[in-house]
Amino acid sequence: MYDTQYVKALEKVTESRTNARLAGAENLLRTFLQERIYELEALADVPEVFDWLTTANAEEKPNAEVMAQLRQALDSPHLYGVVVKPSRYEAPLWYLTQTLLQQVELDELPLTPFANGEIIGPALPTDSRPGWFVLRLSPTGLNPAPEAWVGLVVRLASLTDQVKDLSLTGLQSPLIVTPQNVPITAVGNIPGKPSYSAKDINSNDFIEGWHIRLQWLGDPLLGPLESARFGLILLASGAALAVILLSRHLSKRLEKQVTPLIEGADRVAGGDFDTPLHTEGTAEIGYLAFALERMRLRLRRLVKSMVDVERRAILGQFSAGVAHEIRNPLATIKTTIQALSRKESDPKRQKLMESVDHEIDRVNDVVQLLLDYARPREAKASKVNIIDVVETVKILADAVAHRHGIELVQVEHESVYAWADSSQVRQIVMNLVMNAIQAMEGIGGRVTIRTKQQGLAVYVSVSDNGPGVSADHLIHLTEPFFTTKTNGTGLGLAICRQLAQANQGNLRFQSVSGEGLKVTLKLPLYLNNENQGSV
Amino acid sequence: MIPISHNRFIGILFGICLVVLVTFPMPSKALESLGASEDTADIIVGCLYPMSGRAGVLGRDSVVGIRLALQYIEQQGLPTLPRLRVLLGDTKSKRSTAVTIAKRFVEEEQATFLCGVVNSSVAIQVTEIAASADAFFIGTDHASSRLTDEFFHDRYFRVTNDTRQSMTAGALFIRDYFDDHLKKKPLRISYLGPDYEYGYQVWADFREALNKLGVDYEIAGTLWPRLSEPDYSHYINELIRQEPDLVVNSLWGGDFVAFVTQATDTRLFDVSRFANFEKGGDYEIFAHLGDRMPLGLLLASRHHNNWPETDFNRWFVQEFHRQAGYYPSSGAQGAFTGILAIAKAASQASGNYKDLEGIERAFEQLSLTTPEDPPGFQSSMDPVTHQIRQVMAIGETVKDPRYPPAKVMLGNWRIYYPSDFEQVHPVTE
């Protein structure tokens, strides 16, 4: 709307200025012609000229004085020549270069009254010569047709030259339209390709049949500008629409990325540390999601660690109480049973008493396990030959394995040394082997022990081809009191993990249900370096 | 009392002024003269040149040329050569002034020869006076071929090439120079010439030669600025709008200087080739524009300071420079040749300098060497048309600092002999 109003205002101002300039140009044209009329009147009023025009016989040439007067007129830069028609002459006498009379029929030229004279022509410009017109006066009057007259042959380009200031290069070209309806340019020629436009402006007739046309040339120049203006308006509208759409798109995208984060944060706040957060996101949202996910994992570890510590503290107190309250009576019972057993002659009862003694040992073992888990012994690291440890365990466990129809295999490997507490390492490996054997009790199978060094770690893996552990159970294996065995305590692997961690190592469990379990102990490599940190 | 309208009053006032001017055209002052004194002169020559305005340089250089010619004749030391008294008149490039002076020369000063005149329209007026007074009129710088055709009379002789010769050379040049273009398409030509007799004749002669040579061309437009036009910008814009392959221009003197000066700030010389086969190669344009003179313009003139490289031309150019302090424009050589021709024709007549018919016959058989003649060639008068036959040299503007203050002169010459012109316009007996 603003653009439309602006253009209208501009057109109004331009039209007003153009009209003023046209009026000025019309005045210039009339003045130019009026000046020629004055020159003509001066010539016609010279007595010798007047006499010759009115009294000369046919074919009587003008005398020297008349010729001098006529020649004087030729010095004007606006005149090509003079034409005279004494009353007794049949045809006018031209003092004009013949070239200018080529292709001209005087009788066919238009006649236009001006002031007290007449304009004959114009003789339009051709390829051979310029255009001109005759401005004539008659000492005896022009109406009816004059018998005697004198005329100036005026240069048409001098007339058209009066409108040259109307020219706006590339925008407007002034033309003078003659009575023959032929446009003439400011330099006096006929335009090669006359074109008409609705934007052309025509003046009023500055003399009858003659007017100015301001030919509009601006389309090639302003057309692209006009297109550019509409283009810019379209572009601005398009840009606004694009911004709205982009805002909506960004808003939706942000919502899509932020909403899962809010939900995840809510879950974490509600105590769900196990469900991963949605970490997909771009730029800052992506970084935020990643940071939140890290926060969730740290919180989970922290909470788990706190629960573990708390559990162990409770277990320690409980174990100490149990040890104090159970072991002493058990020792008394055991001593009593052993005494009674020695005096018992009945083999059946003696067998029963041995069974009681055996069960008392088992209760003691459980209590010892509880104490080991609650108050782990500090690891004392040293150079440990892992092969030796494995061989020792294999020798101790071979008999048990054989009893259950299980083959215990140690895969050969060159010596490899770990930096750990040798007794704790042995305890771990023994525990893992015994767990594997127990997993295949009654079904048989094979337990394989492998050792290897990779990087700065030593690995000992114990794998069986037993029933394996389901994925649900696998993550709980090292939790205390978790067991899949009917008579297990659920403390063996928890203690193994505790010992592994005490030796700067860890345990890793891999299993496919029905295809066996593989447990890998990772320990730091012995580096033959005195500065190797103590465990 | 009869009321007088305002317009009528101004008209009467204007008429009175005109009558006064016509009745007392110029003060009867002493004319400037060169050569022999009034008492000792064998022949009196009245020379008419513009000495002021844009064409003034041609007139002033012509006077130096006349002085050089008189000096040259004296140096010959031949007793048969007449003593010349040369009267000088300033035409101001106006027909009425020229007619008044010419009449005074022949009627009051007893001049048997008129010479000079730069403007062809003025020359037509002067030649009529010469014809009516049985005086010789030796054309030295105007070129319209109508002087040796429609306005021919027995005592008119022209000692420089006319428009027919120069434009025939131009047409021959175009046929050769634009050969590749013409094999593909017609040559679009725009013509811009001064709005008077000379400009029309150049264009007519040029088209006649092109037609006779069978050159395939189209007219893109014709423009006719008046003499001493102060502002060529609208004409230049119109030429650019017409998009011709070649602009042929026949402005001369200060008008040509003004045109080229204004056109150098436009695209004209970039979008079209530009030629002036008449007087475009005059030294004054090169001196005026210096290093702003565009290169590659196709120009010619009636005399060149750097061609031909003959002893005579070198002497003429250097002697002119020694006397005037600058190098000559072509008008100087025309005037030099005119005076030399008068002396030689008069000496070849019966010895009686009053024998005008004898001098006329001698003129018709005249051969003489001029500064613009190349080695092995001598200018000669055509006994039928009374038009001298000379060589036309057309060149291209190239850098040449030998004639300061000009930095550009013509080079890459193509030379056309009268025999070449006669192939286009066969001589009919």
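Residues are numbered from 1 along each chain as its sequence is written, chains are lettered from A, and ligands are numbered from 1, in the order in which they are written. Because the model is predicted, local features need pLDDT of at least 70 and side-chain atom pairs count only at pLDDT 80 or more, while totals for chains, interfaces and linings use all residues.

**View 1. Chain B and the confidence of its prediction.**
Chain B has 429 residues, and 53% of them are buried (a residue is buried if 20 or more other C-beta atoms lie within 10 Å of its own, exposed if 12 or fewer, and partly exposed in between, with C-beta atoms placed from the backbone). There are 15 helices and 16 strands in this chain (helices are DSSP runs of H or I with at least four residues, strands are runs of E with at least two, and both are numbered from the N terminus). The average pLDDT of chain B is 89, and 92% of the residues score at least 70 (pLDDT is the predictor's confidence in each residue, from 0 to 100). Take care with residues 1-28 of chain B, where pLDDT stays under 50. Where pLDDT is low, the predicted coordinates should not be read in detail. For the model, the scores are ipTM 0.82 and pTM 0.66.

**View 2. The largest nonpolar core.**
This core has 179 residues (a nonpolar core is a set of buried Ala, Val, Leu, Ile, Met, Phe, Trp, Tyr and Cys residues joined through C-beta atoms within 7 Å). Among the residues with the most contacts inside it are B:Val45, B:Phe113 and B:Leu114 (two residues are in contact if their C-beta atoms, placed from the backbone, lie within 7 Å). Helix α13 of chain B, residues 330-348, gives the largest share of this core, 10 residues. Which residues does B:Leu114 touch, not counting those up to four places away in sequence? They include B:Gly46, B:Ala102, B:Val126 and B:Phe137.

**View 3. Parallel strands in chain B.**
Strand β2 (residues 43-49) and strand β4 (residues 113-116) of chain B run parallel and are joined by 4 bridges (two strands pair if DSSP finds at least two bridges between them). Look for B:Cys47, which stands opposite B:Cys115 in β4(B). β4(B) is also joined by 4 bridges to strand β5 (residues 136-139) of chain B, again in parallel. There, B:Phe113 has B:Phe136 as its bridge partner.

**View 4. Where chain B touches chain A.**
Here 29 residues of chain B are in contact with 31 residues of chain A. Which element supplies the largest share of the chain B side? That is α1(B), with 9 residues. Elements that each supply at least two residues include α3 (95-107) and α7 (197-213) of chain B. The chain B side has 14 nonpolar, 9 polar and 6 charged residues (Ala, Val, Leu, Ile, Met, Phe, Trp, Tyr, Cys and Pro count as nonpolar, Asp, Glu, Lys and Arg as charged, and the others, Gly among them, as polar).

**View 5. A mixed sheet in chain A.**
Five strands of chain A form an open sheet in the order β12-β14-β15-β17-β16, with mixed pairing. At the edges are β12 (406-410) and β16 (506-511) of chain A, each pairing on one side only. The twist averages 15 degrees from one strand to the next (axes are lines fitted to C-alpha atoms, for helices over the stretch in contact, and angles run from 0 to 180 degrees between N-to-C directions). Helix α8 (residues 386-403) of chain A packs on the sheet, and its direction makes about 170 degrees with that of β12(A). Helix α11 (residues 492-502) of chain A lies across β16 and β17 of chain A, at about 135 degrees to β16(A).

**View 6. The hairpin of β16(A) and β17(A).**
These strands pair in the antiparallel sense over 6 bridges. A:Asn506 has A:Lys522 as its bridge partner, and A:Arg508 has A:Thr520. The hairpin has 5 residues between the strands, and A:Gly514 takes a positive phi near 90 degrees.

**View 7. An antiparallel sheet in chain A.**
This open sheet of 4 strands has the order β8-β7-β10-β9. β8 (183-185) and β9 (201-207) of chain A each have a single partner strand, so one side of each is left without a neighbour in the sheet. In β10(A), A:Gln215 is the bridge partner of A:Ser173.
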